[in-house]
Amino acid sequence: MDYKARLTSSPEVLLGKPVIKNTRIAVDFILERLGEGMSIEHILEAYPSIEKEDILACIAYSSDVISRESLLAS
């Protein structure tokens, strides 16, 4: 999925945090809801201004970011 078509980041919106385009809903907020066990369907009911593809874009973005990180052994 090309998450760049659905997500954006601007210093004027939430201090530059990545958000779903045309909203103030941050990627990390969606990921936290999913991590808490909230279903995609429930998120869509709670936030009708977004679409399933927006949530999938958040997941794809997080996967891309994590794949570029390296964990230092402690």
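Here is a short tour of the aromatic pairs and of a charge beside one of the rings.

Before you start, keep in mind that this is a predicted model.

**First stop.** Select Tyr-3 and Tyr-61 and show their side chains. Their rings form an edge-to-face pair, with 5.3 Å centre to centre and 80° between the planes. Now colour by secondary structure: Tyr-3 belongs to the segment before β1 (7-8), while Tyr-61 is in helix α3 (residues 52-67), so this contact ties together parts that are 58 residues apart in sequence. Is Tyr-3 buried or exposed? Tyr-3 counts as buried because its relative accessibility is 14%, under the 20% cut-off.

**Second stop.** Move on to Phe-29 and Tyr-47. This aromatic pair is also edge-to-face, with 5.6 Å centre to centre and 90° between the planes. Phe-29 sits in helix α1 (residues 27-35) and Tyr-47 in the loop between α2 (40-46) and α3, so you are looking at a link between distant parts of the chain, 18 residues apart. With the surface still on, you will find Phe-29 partly exposed at 27% relative accessibility; Tyr-47 is likewise partly exposed, at 27%.

**Last stop.** What lies over the face of Phe-29? Arg-33 does, at 4.2 Å from the ring centre. Phe-29 therefore has Tyr-47 as its edge-to-face partner and Arg-33 over its face.

Notes
Residues numbered from 1 in each chain as written. Predicted model: local features only at pLDDT ≥ 70, side-chain atom pairs only at ≥ 80, totals over all residues. Heavy atoms only, no water. Phe/Tyr/Trp six-rings, centres within 6.5 Å; stacked < 30°, edge-to-face > 60°. Helix = DSSP H or I, 4+ residues; strand = E, 2+ residues; numbered from the N terminus. Buried < 20%, exposed > 50% of the residue type's maximum accessible area, 1.4 Å probe, protein only. Lys NZ or Arg CZ within 6 Å of the ring centre and 35° of its normal.
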